[in-house]
Amino acid sequence: MEIGLIALAFIVGIVAAVVVVRILDNVRKKDAATEAKRILTAAEEDAQRKIKAAELEAKEIRLTAQAEKEEEFQALREDIKERERSVLKREKALDQTAENLAQQERLIETTKRKLTERIGDVQLKRDELNKLIEVERQTLHEVSGLNKQEATDRLLSILDRQLQTETGALILKHEKKLKEQCEEMSREILLTSLQRYAAAHTADATTSTVDIPSDEMKGRIIGREGRNIRAFEKATGVDVIIDDTPGVVIVSAFDNFRREVARLALGKLIADGRIHPSRIEEIVESTKIQLEKYIQKLGEQAAQECDVQGLHSRLIQLLGRLHFRTSYSQNLLRHSVEVAFIAGMLAEELGYDERLARRCGLMHDIGKAVDHEQEGGHPKIGADLLKRYGEPKEVIQAAAGHHDDIHVSNPYTVLVAAADAASASRPGARRDTPERYYKRMEELESIACEFPGVEHAFAIQAGRELRAMVSSKDVTDETAAKICRDIAHAFEQRLTYPGEIKITVIRETRFTETAK
C-alpha cells in the first residue's frame, strides 16, 4: 500500500513537474514573442527615423545645390548684364566716331574744294607774275645792257657778299658771347686746378758728366789703342767724350736710359779700377739689371703717388721707363704724373670720377715707352697696350684720343687732353731747338697768308699768338671775323702743337693828306 502511494505520489510529482515545465515553457515562449515583437517594433521605429533623417539630408543637399546653382545663375546674369552695358557703350562710341568721321569727311571735302579754288587762283597769279618778271627782265636787260648770265653772276656776287657779311656778324655775336662764358669758366677751373698742383720746372740735358779722381784715369778709360772706350761705347750705345776738361768725362746720348746705364757703369769701373773689355761688359750688364729694378721702383712710386691701384706689372715697368724718355726735353714720367694730378683736379671740379681721371692721365703717354720698338704713333700703341692688359675703356680712349686722333666719346679724354696741354705749355716745361722754333713760326705765318685779304702775318709769344693784318679795301669787319675763324680751323687741321694759339685779325683804315 505504501509502495503504491509512493508510486502514485511519484507519478503525480512527475506529472506535476511536466505540467510546470510546460507552463514555464509556454511562459518563456510568450516572453520571447513579446521581446521579438518589441525588438521588431523598435527596429521599425529606428528604420523610420533613419529614413526620415536620410530624406531630410537629401532634401538639404538638394536645397544647397539649388542655392549654389541659383548663385551661379545670378553671377552669369550679372556678367551678361555687364557685357550688355559694355556693348551698349561701345555701340555709342562707334556711333559717335562714325558721326565724327562723317563730319571730318564733310570738312575735308569743303577744304579740298577751297584748296582747288585757291590753287587755281595761285596758278593764275603765278602766270601773271611770270609774265611781269619776263617783262621786267627784258626791261632790266635793255636798261643795264647785261645779258642773263652776266646779270645772274652779278646778283650771285652781291648775295655772296651779303651772306658773308651776315655770317661774319652772326659769328662775331655768338663768338663774343660764348667766348666770354667759356673763358670765364675754363679760366676759373684751370686756375683752381693748376694752383692746387705745383711741379718743379726742370728739363733733362742730353749729356752727363762723370767725375774722375785724376786725369791719368782718362788714359785707362781709353785703353790701349782705344779698345776700352770702344768696348764701352759698343756695350752701352753712347758716346764717351774725353777732352781737356780736368776731372770729368762726358757721356752723351739722346736715349736717357742708355746714358744713365753708361754713367753708372763708368762710375763703377772708375771705383773698381779694373777697366778692360770683359770687365766692362760684366759691369754694364749688372748695371742694366740694377736699372731695370730701379725702373720698376719708379713705376710703383709714380702709381702710388697718383693713388692708382691694380696696374699690371708690365704697365708699371713701362711707366718707370718713361723716366728715361723726354719730349722737347720734358721728362715724360713727371709729365704723366702732372697730367694725372691736373686731370684728377679738373674732374673733381667738374663732378667726375677723380680716381679714374688720374688713371687716364697717368697712362695717356704709356705708348712712348715702346714707340721706338713698334710701328705707329704713341696714342695707338698705348691704347693697344692698355687694352691688352685689361684697363678700362675710358683709360684706353684717353690714351688713343688725347691728341684728337679719334672721335671723342667720353669726357675723360677731353680732361686728359686739357691736362696734357696745360702740363706741356707751362713755363719751363719744355725746351725747343732753334730750328724747330723757326720752322713752327714760318708755318704759322705762311698758313695765315694763304687766305685772301691777308697782307701780313706775324707769329709772336713763341708761337702762342698770331696777328694777321688784312686789307681794309677787300675785307669788311664782318668778313674779318670769318677769316679769323678760318685761320684757327686751318691751324687745328694742319698743325700739331701743345696748348692753344690765339689768332688776332687786325683791319684798319688810314687816311693821309698833305697840307701845303
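Leaving aside neighbours within four places in sequence, Asn 410 is in contact (heavy atoms within 4.5 Å) with Glu 394 and Gln 397. The structure is a predicted model, in which local features need pLDDT of at least 70 and side-chain atom pairs count only at pLDDT 80 or more, while totals for chains, interfaces and linings use all residues. Residues are numbered from 1 along each chain as its sequence is written, and side-chain values use heavy atoms, with hydrogens and water left out.

Asn 410 sits in the loop between α11 (393-401) and α12 (411-425). Helices (H or I, at least four residues) and strands (E, at least two) are DSSP runs, numbered from the N terminus. With a relative accessible area of 11%, Asn 410 is buried; here buried means under 20% relative accessible area, exposed over 50%, and partly exposed in between, using a 1.4 Å probe and protein chains only. The side chain of Asn 410 makes a polar contact with the side chain of Gln 397 at 2.4 Å. A polar contact is a pair of N or O atoms within 3.5 Å; within protein, one must be able to donate a hydrogen and the other to accept it, and residues adjacent in sequence count only if both atoms are side-chain atoms. A polar atom of the Asn 410 side chain also lies 3.2 Å from the backbone nitrogen of Thr 413.

Stepping back to the whole, the protein chain has 14 helices and eight strands. Of its 516 residues, 28% are buried. Among contacts with a separation of 6 or more, 63% join residues 24 or more positions apart.

Strands β2 (residues 239-241) and β3 (residues 248-252) pair in the antiparallel sense over three bridges; two strands pair if DSSP finds at least two bridges between them. Ile 241 has Ile 250 in β3 as its bridge partner. The two strands form a hairpin with six residues between them, and Gly 247 in the turn has a positive phi of about 80°. Strand β3 is mostly covered, with four of its five residues buried.

Strand β7 (residues 465-470) pairs with β8 in the parallel sense over six bridges, and Leu 466 stands opposite Ile 503 in β8.

The largest nonpolar core holds 69 residues, of which Ile 221, Phe 232, Leu 266, Leu 319, Leu 362 and Leu 386 touch the most other members. Such a core is a set of buried Ala, Val, Leu, Ile, Met, Phe, Trp, Tyr and Cys residues joined through side-chain atoms within 4.5 Å. Helix α8 (residues 332-350) gives the most to this core, with 11 residues. Apart from it lies another core, of 21 residues, including Ala 468, Val 475, Ala 480 and Ile 501.
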